[in-house]
Amino acid sequence: MQGELLRASQSRPPEERSKEPLRPERLRSDCPVLLSQRLVLRAPHEEDIDALAHLANNANIATMVSRMPHPYTAKDAADFVRRAKAGEIGKCVYAITRGDNGAFLGCCALEPQQDERTLEIGYWLGEPYWNRGYATEAAHVLIDMAFRTRNNIDHIDARCRVTNVASKRVIQKCGFQYQGTGMIDCLALGGMVAVEWFRLDRKTWMSLRSWGELR
């Protein structure tokens, strides 16, 4: 459907295209803008820097993800936006925003793994937006996009700290199955932390495509 929308748009004269409303087309070369009931997932941009720095400068977030420094400054936020635009931290990095007012809520991403048939999903939300279902909603639409547009992908992995009950709940709501435990480096803590590893395969996703059954 996204390809059909894009082809239809390109067949019109430029002056008509400029008047068209924003649609979930492939506005970036690798990943489309994604829409859900309440959210818009799009590329991070400079206007996000202040909100990003404010929300990410939180030890409750930084200690639960692997590569977020703490404290987190406006310089860190600007560098993140720059690297995201340049494709230096993955080709599918999204800002999670509210669809009604454009408020920046957090970030999510898909990262290719070495076997080239697996992606890993990651996400975080600013603490004021916890416990509202936003993380699950963002994860659902990101997972759907990955499996629908990338036929070579067989699995999506997710990892969370063993103490991160809220993140584990999101992962389970998305249909991921427990695989095991391991250790990863946490930049904010300056050392290794224990994590649990979960996996969602394409066959399971196809059987759970009606996401409402998981909420």
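Predicted model: local features only at pLDDT ≥ 70, side-chain atom pairs only at ≥ 80, totals over all residues.
View 1. Helices (H or I, at least four residues) and strands (E, at least two) are DSSP runs numbered from the N terminus. A77, F80, V81 and A84 of α5 are buried, where buried means under 20% relative accessible area, exposed over 50%, and partly exposed in between (1.4 Å probe, protein chains only). Seen down the axis of α5, the buried residues fall within an arc of 95° and therefore line one face of the helix, the arc being that of the directions from the helix axis to the C-beta atoms. An α-helix has 3.6 residues a turn, so residues three or four places apart point the same way. The buried residues of α5 pack against α3 (49–56), β3 (92–98) and β4 (104–112), with contact taken as heavy atoms within 4.5 Å. After α5 comes G87, whose phi is positive, near 75°.

View 2. H70 and P71 are joined by a cis peptide bond with omega of about 5°, and P71 lies in the loop between α4 (59–62) and α5.

View 3. Because Y178 lies in strand β7 (residues 177–186) and F198 in strand β8 (residues 191–201), the pair ties together parts that are 20 residues apart in sequence. Y178 is partly exposed, at a relative accessible area of 47%, whereas F198 is buried, at 3%.

**View 4. The largest nonpolar core.** A nonpolar core is a set of buried Ala, Val, Leu, Ile, Met, Phe, Trp, Tyr and Cys residues joined through side-chain atoms within 4.5 Å, and the largest one has 54 residues, with I143 and F176 having the most contacts inside it. Helix α6 (residues 134–149) gives the most to this core, with 10 residues. Side-chain values use heavy atoms, with hydrogens and water left out, and residues are numbered from 1 along each chain as its sequence is written.

**View 5. Two loop residues with positive phi.** Phi of E116, a residue other than glycine, is positive and near 65°; E116 is placed in the loop between β4 and β5 (118–125) and is exposed, with a relative accessible area of 62%. N131, likewise not a glycine, has a positive phi of about 65°, lies in the loop between β5 and α6, and is exposed at 70% relative accessible area.

**View 6. Strand β6 beside β5.** In strand β6 (residues 155–161), five of the seven residues are buried. Strands β5 and β6 run parallel and are joined by four bridges, where two strands pair if DSSP finds at least two bridges between them; I121 has A158 of β6 as its bridge partner.
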